[in-house]
Amino acid sequence: MPPKTHKTPQLMKLLTGGSQVTNPILDESFKEEMIRSRNNPVPVKPVPSQEGGTEINITSELISQWLPLVMKRFNVCSCSRCSAEATVEAFDNIRPVIIKVKSDADLKRAQKIKLDKEQSVLMQLIRIIIPRKNLPRHDK
């Protein structure tokens with residue numbers, strides 16, 4: 001096992017303005033959740049399409065799946081107002097990926113795309129949440 005360095009905590013202090021923040025990527029329980037989610041992925045949810053078949057908004061599913069967890073990990077206010085603002089910001093900043101599904105092969109392809117996009121969406125959510133650390137909490 002490589003020795004631990006002090007670069008990551010220092011970087012987190014710079015990113016968060018000096019507050020004590022645990023890097024969720026290094027948090028063991030977060031790692032275990034990520035491993036579980038990759039081993040047992042949440043199935044995609046098809047929505048009926050006007051052109052026949054169904055559509056799946058991969059980005060929407062990933063945001064709704066990961067945003068509450070990221071807000072909790074970074075100890076950010078998770079009241080309904082702050083959650084709504086973070087959700088809107090996430091939808092504004094993350095390009096939507098919508099897949100049309102007409103067969104089981106398309107559904108499997110959508111699941112693969114969801115797994116491929118998961119890391120980039122998670123990193124975007126972290127970038128959105130870090131500046132929110134300095135905002136006042138409403139849920140306490």
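This report describes the fold, the cysteines and the salt bridges of a predicted model.

## Overall fold

The protein chain contains five helices and three strands. Read from the N terminus, the order of these elements is α-α-β-β-α-α-β-α.

The chain has 140 residues, and 33% of them count as buried. Among contacts with a separation of 6 or more, 75% are between residues 24 or more positions apart.

## Cysteines

A disulfide is a covalent bond between the sulfur atoms of two cysteines. How many disulfides does the count come to? The count comes to zero.

Cys77 shows the reasoning. The closest cysteine sulfur to that of Cys77 belongs to Cys79 and is 3.6 Å away. A disulfide needs the two sulfur atoms within 2.5 Å, so the sulfur of Cys77 is too far from that of Cys79 for a bond. Cys82 is in no disulfide either, and its nearest cysteine sulfur, that of Cys77, is 3.6 Å away.

Is Cys77 buried or exposed? Cys77 counts as buried because its relative accessibility is 4%, and the cut-off for buried is under 20%. Cys82 is also buried, at 4% relative accessibility.

Side chains of opposite charge can pair when their charged atoms come close. In this model the count comes to six salt bridges.

Two of the salt bridges involve Arg132. In one, the side chain of Arg132 meets that of Glu85, at 3.0 Å from N to O. Glu85 is in helix α4 (residues 80–93), while Arg132 is in the segment after α5 (104–129), so this pair links distant parts of the chain, 47 residues apart. Arg132 also forms a salt bridge with Glu89, with the closest N and O atoms 3.6 Å apart. Glu89 is in helix α4 as well, and 43 residues separate Glu89 from Arg132.

Arg132 counts as buried, at 9% relative accessibility. Glu85 is partly exposed, with a relative accessible area of 36%, and Glu89 is partly exposed at 29%.

Asp116 and Lys112 meet through their side chains in a salt bridge of 3.1 Å, N to O. Both residues lie in helix α5, four residues apart, which is about one turn of the helix. Asp116 and Lys112 are both exposed.

Terms used:
Residues numbered from 1 in each chain as written. Predicted model: local features only at pLDDT ≥ 70, side-chain atom pairs only at ≥ 80, totals over all residues. Heavy atoms only, no water. Helix = DSSP H or I, 4+ residues; strand = E, 2+ residues; numbered from the N terminus. Buried < 20%, exposed > 50% of the residue type's maximum accessible area, 1.4 Å probe, protein only. Contact = heavy atoms within 4.5 Å. Salt bridge = Lys/Arg side-chain N within 4 Å of Asp/Glu carboxyl O.
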